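This report is meant for someone meeting the structure for the first time. Please look over the sequence and the model before reading on.

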Amino acid sequence: MYFDLSIDLTTAILLSVAVVALIYITVPYNLFVRRVARRRKACESMPAVSDDTPGWPAVSVIVYSQDEADALGALLPVILNQDYPAAFEVIVVNEGDSSDVRNTVEPMQLAYRNLYLTHTPDGARNLSRKKLAITLGVKAARYDVVVLTTVAAIIGSDKWLRAMTSQMVTNPDNRIILGYAAPVPGDDRAHGHRRRIFNYAADSVAWLAPAANRHPYRGTELNLAYRKELFFKNKGFSRSLNLHFGDDDIFISEIATPQNCAVELSHDSIVNFGSYDYSKTFSDMAMRHTFTETFIRRRPRAMMTSGAPALWILLGTAAAAIATAPLNIAVISAAAIIIAAALTAVILAWRGAMTALTLTPLRLTIPGFLLLRPFRSVALIIRSRLSHQKKYTWN
């Protein structure tokens, strides 16, 4: 047995393709994923805006509820006791009239004069009840800036409102602030939690990274702020009234521009959410956005979706190169270095993004989960089309 050091044309072509894929993964794709971590660092390093700085907007916080009295009882005191330098009000909009919600909110109204409660009509049919609730909340809002969340949010800081509006103070052109929501760290321990956490990180990076680069196209219903005039100028949700969802992606894609939108990822701005069944919660989220994003024209998703194919190409061509020259030390060494460099770059980039997003940072499982993303996307499209989840208002 001897080791051949010569490289034929086929092997050279295969290694060249692997090198090109490596360059793509370690430069443009890597920079795309790291953009979230850089934005988090930039938000954390922004100087605090003092109370006497002119421009702090008065805020109307709109809390969407689906007859969740206990959750409201926990959430409202945190919002009502925010340390905020300007006037603010809290408007709870419940789906339908609810005695439990009234019994929770009305006693608080005795202590907080800035707390209001309204509800959607019980007989509303053939429309999105959530969009109707948000519309009622925006119309009832007294102030120019509305901050939207739901009872599913867990707000951990009394500086949350400050964080969500400070970029409107420092830059008046910022009329939309995209916040972020993360699952409670370590709360999901059921089977498959690592895969779910990575997929949630990837789904979040898919819209946060473009938004951080001034290409916004969606936000999260749990943590979002915009000026009320944008809502009315866009005629609310008029372009997606036939859909149950779309209030945090289709609507944002309609009103957001590179000039009027900013991403806020500081510690105080991030909210959490919990679930009794994370598998179902994440699945419902993914299928909902898989469906609604088909109605969004400008989705800068090419960079996000290209990572897995590039890694597949790299691994495939490197393995093929070894197969064509199994006794060639130079080929084996080059292929091994290429593979190791790519996997290291992927792991480091995604660990940084997951840490920035307050998610449990994974390690060696990251490349495997990334390679499975295209299959997950196809499965989501099929499941979304076959799902009984209500999509259209006439369902």
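The sections below take up a helix, a loop residue, strands, a nonpolar core and aromatic rings in turn.

## Basis of the description

The model is predicted, with local features requiring pLDDT of at least 70 and side-chain atom pairs counting only at pLDDT 80 or more, while totals for chains, interfaces and linings use all residues. Residues are numbered from 1 along each chain as its sequence is written, and side-chain values use heavy atoms, with hydrogens and water left out.

## Helix α4 and its surroundings

Helices (H or I, at least four residues) and strands (E, at least two) are DSSP runs, numbered from the N terminus. Helix α4 covers residues 129-140, and its 12 residues reach 16 Å from the first C-alpha to the last, close to the 16 Å expected at 1.5 Å a residue, where the expected span is 1.5 Å times one less than the number of residues.

Burial is judged by relative accessible area, with buried meaning under 20%, exposed over 50% and partly exposed in between (1.4 Å probe, protein chains only). The buried residues of α4 are Lys 130, Lys 131, Ala 133, Ile 134, Thr 135, Gly 137 and Val 138, and they pack against β1 (59-65), β2 (88-94), β4 (145-150), β8 (224-227) and α7 (228-233).

Thr 120 lies in the loop between β3 (115-119) and α4, and it counts as buried because its relative accessibility is 0%. Its side chain reaches the backbone nitrogen of Gly 96 at 2.9 Å, which can be read beside the definition of a polar contact (a pair of N or O atoms within 3.5 Å; within protein, one must be able to donate a hydrogen and the other to accept it, and residues adjacent in sequence count only if both atoms are side-chain atoms).

Contact means heavy atoms within 4.5 Å. Leaving aside neighbours within four places in sequence, Thr 120 is in contact with residues including Asn 94, Glu 95 and Asp 97, and also with Arg 129, Leu 132, Ala 133 and Leu 136.

## Strand β8 and its partners

Leu 224 and Tyr 226 point one way from β8 and Ala 225 and Arg 227 the other way, and all are buried. Two strands pair if DSSP finds at least two bridges between them; four bridges join β4 to β8, which run antiparallel, and Val 145 stands opposite Arg 227. Strand β6 (residues 176-178) is also antiparallel to β8, joined to it by three bridges, and the bridge partner of Ile 176 in β8 is Tyr 226.

## Nonpolar core and aromatic rings

A nonpolar core is a set of buried Ala, Val, Leu, Ile, Met, Phe, Trp, Tyr and Cys residues joined through side-chain atoms within 4.5 Å. The largest one has 119 residues, of which Tyr 226 and Trp 350 touch the most other members. Beyond its neighbours within four places in sequence, Trp 350 is in contact with residues among them Tyr 29, Phe 198, Met 304 and Leu 370.

Rings of Phe, Tyr and Trp (its six-membered ring) pair if their centres lie within 6.5 Å, with planes under 30 degrees apart counting as stacked, over 60 as edge-to-face and the rest as tilted. The structure holds 16 aromatic pairs. The rings of Tyr 200 and Phe 282 have centres 5.3 Å apart and planes at 40°, so this pair is tilted; it links helix α6 (residues 193-212) with helix α9 (residues 278-292), the two residues being 82 residues apart. Ring pairs also link Tyr 226, Phe 231, Phe 232, Phe 237 and Phe 251 into a cluster.
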